[in-house]
Amino acid sequence: MLHGPFIVLSSFAYLGLLFAIAYYADQRADAGRPVIASPYVYSLSLAVYATAWTFYGSVGRAASDGVGFLPIYIGPTLMIALWWIVVRKMLRISKQNRITSLADFVASRYGKSALLGGLVTVIAVIGILPYISLQLKAISSSYSILVQYPEITMPSAQAAGLTIWSDTAFWVAMILAAFTIAFGTRHLDAAEHHQGMVAAIAFESLVKLLAFLAVGIFVTFGLYNGFGDLFGRAAADPKLAAMLTPFEGVAGSYATWVWLTILSMLAILFLPRQFQVAVIENLDEKHLNKAIWLFPLYMLAINIFVLPIAFGGLLRFPQGVDADTFVLTLPMAEKQELLALLVFIGGLSAATGMVIVETIALSTMVCNDLVMPVLLRMKRLRLNEQPDLTGLLLGIRRGAIVVILVLGYVYFKAAGEAYALVSIGLISFAAVAQFAPAVLGGIFWKGGTRLGALCGLSAGFLVWLYTLLLPALARSDWLPAGFLENGPFGIALLRPLALFGLSGLDQITHAMVWSMIANVGGYVGVSLVASPSADEHRQASLFVDVFRHTGESGGARFWRGTAAMPELYSLLARFTGVESADEAFRSYAAERGVTWPKQALLADAALVHFVEMQLAGAIGAASARVMVASVVKEEALTLEEVREILDEASQVVVYSHRLEQKSRELEAATAELRAANERLTELDRLKDDFVSTVTHELRTPLTSIRAFTQILYEDPDIEREQRMKFLGIITKETERLTRLINQVLDLAKIESGRAEWHESRVDMGEVIADTVTGMSQVFEERCIEVDLALPASMPPVRADVDRLIQVMLNLLSNAAKFCQPGTGRVRVSAADMDGYVRVDVRDNGPGIAPEEQALIFDKFRQGGDTLTAKPHGSGLGLHISKQIVEHFGGRMWVESTPGAGACFSFLLPIDRTAKGRGLVALPMAP
Amino acid sequence: MSRRVLVADDEPNIVTALEFVLRRAGYEVAVASTGEEALRQLEAQVPDLVLLDVMMPELSGYDVCRRIRERPEWRAIKVVMLSARGREPETRQGMEAGADLYVVKPFSNAELLCRIAALLR
């Protein structure tokens, strides 16, 4: 089954599927229903980080270094934690300035410098070539191995003597170029997002993960009995066992781990393809929230089976099989044709994903930051007079894609064979790491200048060339071997692998140490010395303070001059096409409530800035600046003026902060007033209720008294017996009235603080005994049994004895009132507990519902609906009792189960001034 | 034939007084101490007039009055509300419930009798 044509056919079928996905996504995007507007698609597209290097190379690295493959994945996982700070800012900046690539980003930050953009482009292209060649190598060698099935032969043994036309790698490069052109250069405006491409990349991320997991599961659970079995066998082999400890054996291992981690932290930000998917293609800042945990999860998933496959391969093939191919050769050796084909497709996914995004990103950079600035400066070409340049722009990008892939192929032929996959990739990582000082410095430090960035980048790049790229070429015999051994011209101090005598480090660590010293040193040093121009000052402020400048109008504040509407329009039409230009002008006009082109647009600073931003989206910031400058007459702002504008802006920010602060304070004050007003209204309502309730309570006995008095007065002939009865009622009602009036007055005194308290040491036991005796007649009349449980002696409390009697009388009469005559039982008990005297009055009456227990101590509250439930007493007794107990530092509460009686309890603190009878141990100073 | 009056109040002393006063004035008197009981009395025998205290347990005087106005055969009954709450919102509520008269406690026996006689004329 696995013969050449079938494999090729499968590959094309797969690429066709990708294209269909991309086409569908583009259609949906045009219809305004983007499929990629999802944090999951965004996270999967970030996984373009995992290339053929991950797919094949991690196992290769693990087979030689054990867990040494991990830093490449630990780095991004650490970095993603900082994304909220770094990438969110880059996103915001890129959206506001319509950034099209990393080169554009750097150029734009440092005063829209074309030179800097060009330098970044050159570094990126040269730096990424090894990485692209790695993908070509992976695809072609995996094809060469797979086509030999069932034999397992390493490609290096049979690759010699091929002409270019029979070389798989060349054809792979050309097919990928065609495919990338189809994917990436259908639209012109890079800021318009390549939605189809992103959808295809996200799909590829799924395919490569599934393929890798399939092999991992096959090896771990198919060939062996799970992780335990596999690792057990590896540990039994002394050579393999050593690999499980990360820092053993190799000199400088710690430094290697640290540097690889740092390198990959920077790579996840600055690889052109990562910048493309993470920043340029992002549709919504909020997608970052999910990506922050989804992406590390993906990294974890694709790394779980690396060590098992490496060990499986080492155990299966003692020698002669390149560890980079284990993923493919293990299924082949086990005659799993389908799995082997899936692996090949997975590897193809990983490689094509990387190549497509990387070359699209690079071609945009080459076009916008390298070729266009040069072409636009060549007056002979008369580009300014061409009506439509969109075709030219697309042509340049397509040409760049082909050239980049051809160069990748050339690098593969020149140096690719000498290194393992991972080593090739790391050379590229080290190259893009050079962007870190200029970019990170650029978004967090306003002091970074164009000259500083130029110096830092150049110096870092030169060191990289010298310590990493030249040795790679020398190893492949393109340079004399003595160059590595003895240094150029025999100067040992300049040996590329041990610069200035720094030896003992591995090649990458060595290169990173020197290039970063040169880069950061140059950037910071020169920036501090060289003063920035007005342009740089403005851009620095727009970038570093991006969260303070809102909307695209941020940049318009810095422009002053005269412009003509028709020229601005034709300029935009020339680079983006008439259709896009019309669309852009219409939407600009609509935002300002103008119907363009019926009504004229004012060619003011805002419009000029708008056109420049639109152009930047097509040809990059630096070229856009040049082009706009060619059609408008701008009055250059001096550095002083830019500073003034910035100061004004920051003043406005300060004022608006103060205003916000003030309005917050006002709001708080208003809320307080409202709350106070509500409290007062509530108090007023309570007072009204109180008065109304008291009136009602007074009127009820008065009604009886008046009615009976009238009866007796008008009718002297009433029988004696009846007269006595009526007089009895009048007396009772008079007493009730008196009691109520006394309690209301009493309460008023207590609440206003005018009550008189005669404090003395009181024996609570005596109070209880006295009141129970005093009430005994009432209990006897109602046939209620009273039960007294008092300890032999009680500690004294400090209180007003008359008030305590009042409390006890109230509780006892309540109990008597609610008990059923005949079967009623009241139990009064007291105890000394924890510094308090506790008194309980328990009855076996109807009890109190739980929701009423909390209200029962309120004024006139005896539970139930006040409209229908006529109070049985004044409704003040319990309230006053509670006030009294609390006045003496105690507490009163009720416990009750409806139907099973109620128990009113209170605590009073023991009198600590008591002498000689102190039952509580007092903490006395010695 | 003497007129029949139903007195409903949960204050027993007030019921006693009203019962005595009304009997002496020649009315036939039935008494109730809750709203429910008042309704039961109404079912048993329809009076010519009802004296209703507003604040009674369970069913209030307003509720009883509304029930009376709902039944066609009870429409003709005159209703006098008695209440210790005499502010404007409460008297209005009583009238809205369908009372013919709202008397605030305490009241004069003679005046109450005059009003009742006037209602029953």
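Two residues are in contact if their C-beta atoms, placed from the backbone, lie within 7 Å. With this meaning in mind, the reader may turn to the structure shown above, which is a predicted model.

The contact between the two chains draws 18 residues from chain A and 19 residues from chain B. On the side of chain B that touches chain A, helix α1 of chain B (residues 12-24) gives the most, with five residues.

Chain B itself may be considered next. Chain B contains five strands and five helices, and from the N terminus on these elements follow the order β-α-β-α-β-α-β-α-β-α. Of the 121 residues in chain B, 44% are buried. Among contacts in chain B between residues at least 6 apart in sequence, 58% join residues at least 24 apart.

Within chain A, a pair of helices illustrates how such elements pack. Helix α10 of chain A (residues 226-236) packs with helix α15 of chain A (residues 306-316) at an angle of about 50°, and their axes are 10 Å apart. The crossing in which α10(A) passes α15(A) is left-handed. On one side of this packing stand A:F227, A:L230, A:R233 and A:A234 of α10(A), which meet A:P308, A:F311, A:G312 and A:L315 of α15(A). The residues of this contact between α10(A) and α15(A) divide into six nonpolar, one charged and one polar.

Note on methods
Residues are numbered from 1 along each chain as its sequence is written. Chains are lettered from A and ligands numbered from 1 in the order in which they are written. This is a predicted model: local features need pLDDT of at least 70, side-chain atom pairs count only at pLDDT 80 or more; totals for chains, interfaces and linings use all residues. Helices (H or I, at least four residues) and strands (E, at least two) are DSSP runs, numbered from the N terminus. Axes are lines fitted to C-alpha atoms, for helices over the stretch in contact, and angles run from 0 to 180 degrees between N-to-C directions. A crossing is left-handed if the near helix is turned anticlockwise from the far one by less than a right angle, and right-handed if clockwise. Ala, Val, Leu, Ile, Met, Phe, Trp, Tyr, Cys and Pro count as nonpolar, Asp, Glu, Lys and Arg as charged, and the others, Gly among them, as polar. A residue is buried if 20 or more other C-beta atoms lie within 10 Å of its own, exposed if 12 or fewer, and partly exposed in between; C-beta atoms are placed from the backbone.
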